Amino acid sequence: MFNGHLQTIIPSLFRESISLPFDRERINTPDGDFLDLDWLKSDASKLVIISHGLEGNSRRPYMVGMAHQFFKKNFDVLTWNFRGCSEEMNKKPIFYHSGATYDLDTVVNHASIDYQEIYLIGFSLGGNLTLKYLGEQKQINPKIKRAVAISVPLHLESSCEKISSGENIIYAKRFLSTLKEKVIKKAVIYPDNIPVGTLRKIKTLKDFDDYFTGPIHGFKDAHDYYEQNSSIYFLEGISIPVLILNAQNDPFLTEKCFPISQAKKLDQIWMEFPKYGGHVGFSPRKSADIYWSEKRAFEFINSDQ
């Protein structure tokens with residue numbers, strides 16, 4: 001696959017499905033909403049919690065592939081759905097967003113009781129969420145030992161603008177289609193909270209964040225939302241070993257998502273920027289082989305580096 005677009009699209013659409021014995025659990029959030037979790041359990045002492053990307057869910061191929069890699073290596077695995085990303089719309093007026101670390105914290109606290117060690121993995125938006133979560137807290141759960149963030153839009157504003165421009169517009173339209181559908185469904189329940197009439201004004205993802213994501217979640221506008229939640233501003237606060245994997249030909253990422261000079265100053269953060277891989281791609285030459293991102297994530301989490 002000779003460019004970043006093919007390396008992004010083909011694994012997403014044509015990756016061979018893997019059947020795993022997931023068990024679904026629904027938990028309540030402190031504000032009266034719910035989250036749907038999918039478990040793979042084998043009575044292990046170590047747990048990996050995996051967070052998906054924008055408009056993804058716990059059963060996306062990249063999520064299942066990563067879950068399979070760790071489950072077969074004697075880890076228990078938890079993949080979870082952000083609010084509104086499982087089969088049922090969530091109860092509250094809010095949705096999910098790139099900085100909604102309160103939900104990740106709820107998942108970690110719920111899951112940590114039965115495990116000695118916890119590891120976090122996040123893809124794209126879920127990667128930003130994971131890094132912000134680790135960097136914003138004065139003291140994280142001591143059971144969390146390491147984390148991996150893959151295809152991360154470390155700088156949200158520039159990444160969002162790139163997705164909505166030029167040859168990338170096909171991705172933005174796909175995201176906007178499902179996001180608008182959720183807004184319409186939510187407006188039926190909360191007509192006073194969701195200004196559904198403004199949907200006709202929305203042409204880009206930044207427009208969506210200006211009219212919906214930002215204001216609904218307590219931010220002034222899209223710019224305020226991006227500035228308060230971009231994980232690049234939280235890296236210095238991270239106190240455990242973290243690996244960030246961003247492909248240089250990722251069509252969603254800008255130069256600000258490859259902060260090489262900053263990386264040299266951060267003792268706990270490893271940044272690897274391979275030339276190829278696309279966005280949440282990293283597929284192998286042979287379909288039967290392990291995806292490189294899964295191989296690398298396991299190596300890092302299972303190592304002492």
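Reader: Hi! What order do the eight strands of the open sheet have?

Author: The order is β1-β2-β4-β3-β5-β6-β7-β8, and the pairing is mixed. Strands here are DSSP runs of E with at least two residues, helices are runs of H or I with at least four, and both are numbered from the N terminus. Two strands pair if DSSP finds at least two bridges between them. This is a predicted model, where local features need pLDDT of at least 70, side-chain atom pairs count only at pLDDT 80 or more, and totals for chains, interfaces and linings use all residues. Residues are numbered from 1 along each chain as its sequence is written, and side-chain values use heavy atoms, with hydrogens and water left out.

Reader: Thanks! Which strands stand at the edges?

Author: β1 (23–28) and β8 (269–272) do; each has a single partner strand, so one side of each lacks a neighbour in the sheet.

Reader: And how do β3 and β5 run?

Author: They run parallel, with six bridges joining β3 (residues 46–51) to β5 (residues 117–123). I50, for instance, has I121 of β5 as its bridge partner.

Reader: Which strands does helix α4 lie across?

Author: Helix α4 (residues 125–136) lies across β3, β4 (76–80), β5, β6 (144–150) and β7 (242–245), at about 135° to β5. Angles run from 0 to 180 degrees between N-to-C directions, and axes are lines fitted to C-alpha atoms, for helices over the stretch in contact.

Reader: New topic: at what angle do α5 and α8 pack?

Author: About 125°, with the axes of α5 (residues 156–163) and α8 (residues 222–229) 8 Å apart. The two are therefore oblique to each other (under 35 degrees is roughly parallel, over 145 roughly antiparallel, 65 to 115 roughly perpendicular, and the rest oblique). L156, E157 and C160 of α5 make the contact with H223, Y226, E227 and N229 of α8, where contact means heavy atoms within 4.5 Å.

Reader: Nice. What volume does the largest pocket have?

Author: About 1000 Å³, a volume being the space filled by probe spheres set on grid points joined across faces, edges and corners. A pocket is an open set of points on a 1 Å grid over the protein atoms alone, where a 1.4 Å probe fits, with protein on both sides within 12 Å along at least five of seven lines; lining residues have an atom within 4 Å of a point.
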